[in-house]
Amino acid sequence: MKRLLALAAAAFISLPLTPAIAQEAQPGAPGAGDPYFPDQGNGGYDAGHYDLTLDYDPGPDRLAGVARISARATQALSRFDLDLVSTLSVRSVTLDGRPATFSQSGSELVITPPSTLPAGRGFSVLVQYDGKPEHVVDPDGSVDGWIRTNDGVFNANEPQGAMTWYPGNHHMTDKATYRFTVTVPRSRVAVANGDLVSKVTKGERTTYVWNSREPMASYLATVSIGKFQLTDTRVGGYHVITAVDSKLADSATNFAERHAPVLDYFSSLFGPYPFSSTGGIADDAPEVGYALESQSRPVYPHVPSESLLAHELAHQWFGDSVTPTLWRDIWLNEGFATYAQWLWADKQGTRTVQSSFDAAYARAADDEFWQTPPADPGGPANLFHDPVYDRGAMTLHALRSTVGDESFFKILRTWASEHKYGNADTAAFIALSERVSGKQLDALFDAWLFKPGKPSL
């Protein structure tokens, strides 16, 4: 969830170089081709695993990092890019242990291997870098990335913040597994995605190691740092890890326990919870103004309400496990999570789904809300505006009303199952809906997703 809250290695075997392939080598594209963020991501290779070693001190605000990236060339490569802001200075780059030539410009780290990388070859690149990380300002005016707080870092990366703290292929279609080794002053706690592997204190520094075994889009990665109370426990059938800012502790006494009932309900509707652990990070960061569904461990700028908790946990299926192919398809994240909020409120008896739909539909036909089609909101500045969330959720309710509950929830379960840990787009969801329901649904989706104007009921 990025909407402002006014009230989310495997080692590869190297293949021999052949002169014929070397002659055909071309630079990898400097972007993944997303119309909303053309420079985001890179072409010519697939990242498989990130092993990130970070040392951070909030006092001087200095980050020293070593990124080890295991990847595979998808074309014969003469050079390739990683996304990393130039405010972090790269000190050295090696490729399979050999020094590589590199340069930095804007958000691109351009690496020239010591010899051509043939198509299909696995390789390992190691980048040493340091500097003072700075967040980025998004087209909608919000901030993301490495966001300083009074005691550490609120680290939320949708849509473009990952490049502010580590180099990588930062488009959401290149998912990878992760290992984080983070050293901070012993008075701070470093929290990341996945499972806590170890915590070791030596002198005045503590090193935390986290392992995220399921593939993850880089905008869902987090390393949040602060004076947190860290809990690692089992609640029901879930491994729950929570970190709560010491200033929020009194209002978060049951934070870990609140997760299981929501996950049990969503699992009954959407299929099994897709990750090895769950939980959240509740930071005292009211200036951030939004929460984010960081994989397995959402970050919140305060202790979340029941509705916000449900929204971010629903994202673990819709957005985290199943991730859009392009940013314009973000309604597949936000519309689904908003509808899950409505479902959870209905389950609790506080408001029916139909009442939530009716309240959204009550907007006047000339309201600007109806002028933004959720399936392509028009540009990056509109990604996290109300139509993507509410009109996206209304689309799902209109679909449910048309195909019936049995087909509707089968569509959601099949969507989560067939695209688990992968990427999919709006066309794929429409095709699945028609396949499962046996109905022709062009008119419904045209009205609710693609055309401006208030659809008729």
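Mentor: Before we start, helices are DSSP runs of H or I with at least four residues, strands are DSSP runs of E with at least two, and both are numbered from the N terminus. This is a predicted model, in which local features need pLDDT of at least 70, side-chain atom pairs count only at pLDDT 80 or more, and totals for chains, interfaces and linings use all residues. Residues are numbered from 1 along each chain as its sequence is written, and side-chain values use heavy atoms, with hydrogens and water left out.

Trainee: OK, where is Ser296 found?

Mentor: Ser296 is in the loop that runs between strand 20 (278-282) and strand 21 (299-300). Its phi is near 70 degrees, which is a positive value in a residue other than glycine.

Trainee: And is Ser296 buried or exposed?

Mentor: Ser296 has a relative accessible area of 4%, so it is buried. The cut-offs are under 20% relative accessible area for buried, over 50% for exposed, and partly exposed in between, using a 1.4 Å probe and protein chains only.

Trainee: What about phi of Tyr421?

Mentor: Tyr421 is also not a glycine and has a positive phi, near 65 degrees. It sits in the loop between helix 7 and strand 23 (423-424), and because its relative accessibility is 26%, Tyr421 counts as partly exposed.

Trainee: Switching to peptide bonds, what is the one from Glu158 to Pro159?

Mentor: The bond from Glu158 to Pro159 is cis, with omega near 5 degrees, and Pro159 belongs to the loop between strand 12 (153-156) and strand 13 (176-185).

Trainee: Helix 4 next: how many residues has it?

Mentor: Helix 4 (residues 331-348) has 18 residues, and from its first C-alpha to its last it reaches 25 Å, close to the 26 Å expected at 1.5 Å a residue. That expected span is 1.5 Å times one less than the number of residues in the helix. Helix 4 is mostly covered, since 15 of its 18 residues are buried, and just after it Gly349 takes a positive phi of about 85 degrees.

Trainee: How do helix 4 and helix 7 cross?

Mentor: The axes of helix 4 and helix 7 (residues 405-418) come within 14 Å and cross at roughly 130 degrees, which means that helix 4 is oblique to helix 7. Axes are lines fitted to C-alpha atoms, for helices over the stretch in contact, and angles run from 0 to 180 degrees between N-to-C directions. Angles under 35 degrees count as roughly parallel, over 145 as roughly antiparallel, 65 to 115 as roughly perpendicular, and the rest as oblique.

Trainee: Which residues in helix 4 meet helix 7?

Mentor: From helix 4, Leu332, Phe336, Tyr339 and Leu343 meet Phe408, Phe409, Leu412 and Trp415 in helix 7, where contact means heavy atoms within 4.5 Å. By class, this contact of helix 4 with helix 7 has eight nonpolar, no polar and no charged residues. For the classes, Ala, Val, Leu, Ile, Met, Phe, Trp, Tyr, Cys and Pro count as nonpolar, Asp, Glu, Lys and Arg as charged, and the others, Gly among them, as polar.

Trainee: At what angle do helix 5 and helix 6 pack?

Mentor: Helix 5 and helix 6 (residues 386-403) pack at about 125 degrees, and their axes are 10 Å apart, which makes helix 5 oblique to helix 6. Val353, Gln354, Phe357, Ala360 and Tyr361 of helix 5 make the contact with Met394, His397 and Arg400 of helix 6. By class, the contact of helix 5 with helix 6 has five nonpolar, two polar and one charged residues.

Trainee: Where is the place of Ser356, then?

Mentor: Ser356 is in helix 5 (residues 353-361) and counts as buried at 7% relative accessibility. Leaving aside residues up to four places away in sequence, Ser356 touches Trp342 and Arg351.

Trainee: One more, which residues does Val223 touch?

Mentor: Not counting residues up to four places away in sequence, Val223 touches several residues, among them Leu54, Trp146, Trp165 and Phe180. Val223 is found in strand 17 (residues 223-226) and is buried, with a relative accessible area of 0%. Its C-alpha lies 7.6 Å from that of Asn193, although Val223 and Asn193 are 30 residues apart along the chain.

Trainee: And Leu84, buried or exposed?

Mentor: Leu84 counts as buried at 0% relative accessibility, and it is found in the loop between strand 4 (77-83) and strand 5 (88-95).
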